[in-house]
Structures are given as structure tokens and as C-alpha cells.
Amino acid sequence: KMSSQSSQATDSTTPTTPAPQGDAAAEGEVKPEEVPANLAIESEETDAQKKAKKEWKKLQIVGDVRINPDGSKYEEPVTDDWESECPLFMTKLPDNPDENPYLSALEAIANDEVDREYTAEELKARGNVCFQRGPQFYRQAVSYYTDAIRLKLEDKEKVSVYYSNRAAANLGLKNFRKAIEDSKEAWTLNPTNVKSYFRAARAAASLNRQEEALKYIEMGLEKDPKNAELIKEREDVNKSLEARILADAAERKKKEERDNLRAKMMSEKKEFYEAVAARGVSVGKYLFGTQEDYLKSSRGPYFDKNKEMHWPVMFLYEEYMQMDFVADFAESHTFGQHLEVMFPPGEFLPWDMERKYVLPKLEVYFIANQVEPVVVGQGRRQYSDERRRKIRVKHSTDLRKVLTHREYVITGYPVFYIVVEGSDFKEKFLKRSFEFDT
């Protein structure tokens, strides 16, 4: 028999369980009030449980010595009518059958359902303790509730609670689909188990299935129209649904704009962009609205007679909010070749008051996955804004190597960032989050 006593609570309250002793207490107990009310689990001690405990506590064994409940040593009674003490030889029940430990023990053993019920309730109580101790014990709680379910009690209300409690633990573990499955089992066994509807709704909403969550909430409110948790959850789910609808509309608009841009690019320079994609180069939208205006002073991207790509390129000096526009940057040219022209020895740009932008100290960066590709290059790695990162470009690197990088997407035309080695701004630039949307 398991010796720990189960906690007592109704279906509508947070259970109170005995504090763990010894090593368990040292690990840090989570008090019942720290458990969210909407995840509270149910627990109660049955009459059968109490009776079984009472009978087994009448006689306790310490080593080979039996003791009475008051602690005194148990002495076998001296009687000539010993047959009356043994249930096997009884011809009638004694006047006080509850005082006969042998008869009570035999009755408890014979009643298998009582024994399984006691064990199941003990398992549930242990699961409750684990759940109340916090997320690191949720998996162990699931294990206890599962063992209780496997005992297959005939009492459907009790088994419904086991499923509902396991749903709460799975919800805490973010096993949302399992939480929904357990909740459905719970209300199938006991349709009045309102908490199971709440937990199914919370799990469905976490899966971004708001319509499904609202269905579960309405099912629960049919059983308990004034349930505060379900009413509050309905408000939250409706807000979440509205936000999702707006987000879906924005995504559709974004896709439409992307498709229109691609159609425009292909109609104007179909052969060019097809050739670009064949080289493994991906092209996306502009970073900012005025970026396209600079193309008026250049020929734009093109292939020369030797099939070499030429691109306009923008260099940004964000420390001083300045920029340079290179009208024609051949793919075979290195960054160092252009920077040598832009930063000749002994000459400084007017905005460089500290005269620190000198060629040997200039560092060039590009941002991978900065925009979503409209024209997708062959062999291109699948786009993911989660892989946005700043990548340094050596002065000796040519433009072709950058453009064909599997994570680089041209933002209308190539854009690069220049910072000074060892400067405070460089550290800020590398740590800064990305400001441009896809």
C-alpha cells in the first residue's frame, strides 16, 4: 500500500496537499496559491479510503512485534472461544464486527474495487503534489495521472478528474494536442466537468485555432453559464481571433504587393532577372521608399557584352546618417577597388569630423535574409527572417561572391554597411536589432 495521504479539495477549488518531507522539501515546494486557478486540480478522499486506513492502522508491525494504536504491545487474547475470533470458523457475525481486525482486513482484501480505488486516489494525490511544485515536475505528474487512469475504475467521475488533471499538466508542458484529447475524454466520462472544456479551449487557442476554442467554451458555458474562467477565456480568444484576422489580411496584402512587384520586374526586365536567378542570385523589394529614386542617376542593373553583371550599389554610414551611391559596380570588382577610390590617403569626407574613416580601418557588412526574395535564385536556401545576421565582407572579396551567397537577398539593388574598426558605433551596430521589415 502507498502510505502518502491524498489531498482533499472539491472540483471547484485548488487542492491542499501535505508538504513534502526530507529531500523533497529541500527542493522547494510551490504553494497551492502559486498554481493558476484555471489549472487547479481536483482531489478528495473517499469513504472507502478512510475505512481501509482505519482498519489497517488498528494493528501495526514494528519489527516482529505488533503494537496497539495507543503504542502498547499487542497481546493475543486468552480465550477458550478462539474459533469466534477467526473469520474462517465464524458461524455468525460478532456484535461489533468493526472491532475484529481479521474480519475487517479480510473484507478489504476481498473488495478489489476498493483496493484499486484507494491506489488510484493515491496516484492522483501524488500527481497533484508534482503539479503544484511547478513546471519541472509536470512530466512526473502526467505519469502519475496516467497510472491512475490505467487502473480503469468503474467510477466515471473519478476517472474524468484523472483525465482533466492530466490535461492540465499537458497544457503546462505545451503538449496542446494531448491536452485537447484528455479534455475530451474527461467530458465524455462526465459532461459536467467544466474545467475540461476550459483546458481544451486554452489548448486550442494556443494552437491558433480560435474558432475551435470558442466551440469548447460554448460547450462549457452550456453546463455552467456563469463560469467566470470560461467567460474571461471567451473574451481573450475573441481578441486573439480579431488579431489573427488582421494579421492574415496584412499577409495577403503583403503577398499581393510582392506578386505585383515580381510581375513588374519581369515585365520590364524579364530576361535579365531570369538570368540573375539562373546564377543563384535572389532579389527582393527595396529597403526604403527613396531607394528607387537613386536609380535615375544610373543605368540600373545590366549584363555587359561579356555576360558580366553590373549593379548600382549603395554604401551606408549609419553613424553619421550618410550614404554613397556607386552607379556601376561590376560583379568581378572587389570592394577594396571601390573603397580605394572613395577614401584616398590623406583625404577625408566633410562629415568625418574625427577623421577616422580611413581605408585600413573600414569594415564592410551585409545583412543576410534582410528581405524576402521576389526573384528566387537557383540553389537558394529557403528564406527565414530568423536567420537574419550581419556578415562581414573582406576588401578582397568581389561582388559576385556576395550576390551568390545562399542567404543574401538583394534589396532592390545591393546595399552594404560601413563602420570603423574598434569604434563604439561598431559595437552598437553589431548588437542592434534589425529595423527593416520584410
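1. In strand S9, Lys 390 is the bridge partner of Ile 367, and this contact belongs to the antiparallel pairing of S7 with S9 (residues 389-393), which runs over five bridges. Two strands are taken to pair if DSSP finds at least two bridges between them, while the helices (H or I, at least four residues) and strands (E, at least two) are themselves DSSP runs, numbered from the N terminus. The charged end of Lys 390 also sits over the ring of Phe 429, 5.1 Å from its centre; the criterion here is that NZ of Lys or CZ of Arg is within 6 Å of the ring centre and within 35 degrees of the ring normal. Elsewhere, Arg 133 lies over the face of Phe 137, at 4.3 Å from the ring centre.

2. This is a predicted model, in which local features need pLDDT of at least 70 and side-chain atom pairs count only at pLDDT 80 or more, whereas totals for chains, interfaces and linings use all residues. Residues are numbered from 1 along each chain as its sequence is written, and side-chain values use heavy atoms, with hydrogens and water left out.

3. For the protein chain as a whole, the secondary structure comes to 13 helices and 11 strands, and 44% of the 438 residues are buried, where buried means under 20% relative accessible area, exposed over 50% and partly exposed in between (1.4 Å probe, protein chains only). The accessible surface is about 24,900 Å², with 50% of it belonging to carbon and sulfur atoms; these areas come from the Shrake-Rupley method with a 1.4 Å probe, and for residues only the protein chains shown count as cover. Of the contacts (heavy atoms within 4.5 Å) between residues at least 6 apart in sequence, 67% join residues at least 24 apart.

4. Strand S11 deserves a point of its own. Six of its six residues are buried, so S11 is largely enclosed by the rest of the structure. Val 415, Tyr 417 and Val 419 point one way from S11, Phe 416, Ile 418 and Val 420 point the other way, and all are buried. In a regular strand the side chains alternate between the two faces of the sheet.

5. S11 has strand partners in both senses: S5 pairs with S11 in the parallel sense over three bridges, and S7 (residues 362-368) runs antiparallel to S11, joined by four bridges. Met 314 stands opposite Val 415 in S11, and Leu 362 stands opposite Val 420 in S11. S7 is likewise mostly covered, with seven of its seven residues buried; Leu 362, Val 364, Phe 366 and Ala 368 lie on one side, and Glu 363, Tyr 365 and Ile 367 on the other.

6. The aromatic pairs number 20, counting rings of Phe, Tyr and Trp (its six-membered ring) whose centres lie within 6.5 Å, with planes under 30 degrees apart taken as stacked, over 60 as edge-to-face and the rest as tilted. Phe 315 and Phe 416 form a tilted pair, 6.2 Å centre to centre with 35 degrees between the planes. That pair links distant parts of the chain, since Phe 315 is in strand S5 (residues 309-317) and Phe 416 in strand S11 (residues 415-420), 101 residues apart. Phe 315 counts as buried because its relative accessibility is 0%, and Phe 416 is buried as well, at 0%. Tyr 408 and Phe 416 form a stacked pair, 6.2 Å centre to centre with 15 degrees between the planes, and Tyr 408 is also buried. Ring pairs link Phe 315, Phe 329, Phe 335, Phe 366, Tyr 408 and Phe 416 into a cluster.

7. The largest nonpolar core has 48 residues, and those with the most contacts inside it are Trp 311, Phe 315, Phe 335 and Phe 416. S5 gives the most to this core, with seven residues. Such a core is a set of buried Ala, Val, Leu, Ile, Met, Phe, Trp, Tyr and Cys residues joined through side-chain atoms within 4.5 Å. Not counting residues up to four places away in sequence, Phe 315 touches several residues, among them Gln 322, Asp 324, Phe 335, Met 342 and Ile 418.

8. Finally, Leu 359 lies in the loop between helix H11 (335-342) and S7, and counts as partly exposed because its relative accessibility is 22%. Leu 359 is 61 residues from Val 420 in sequence, and the two are 9.3 Å apart in space, C-alpha to C-alpha. Leaving aside residues up to four places away in sequence, Leu 359 touches Leu 339, Glu 340, Phe 343 and His 395.
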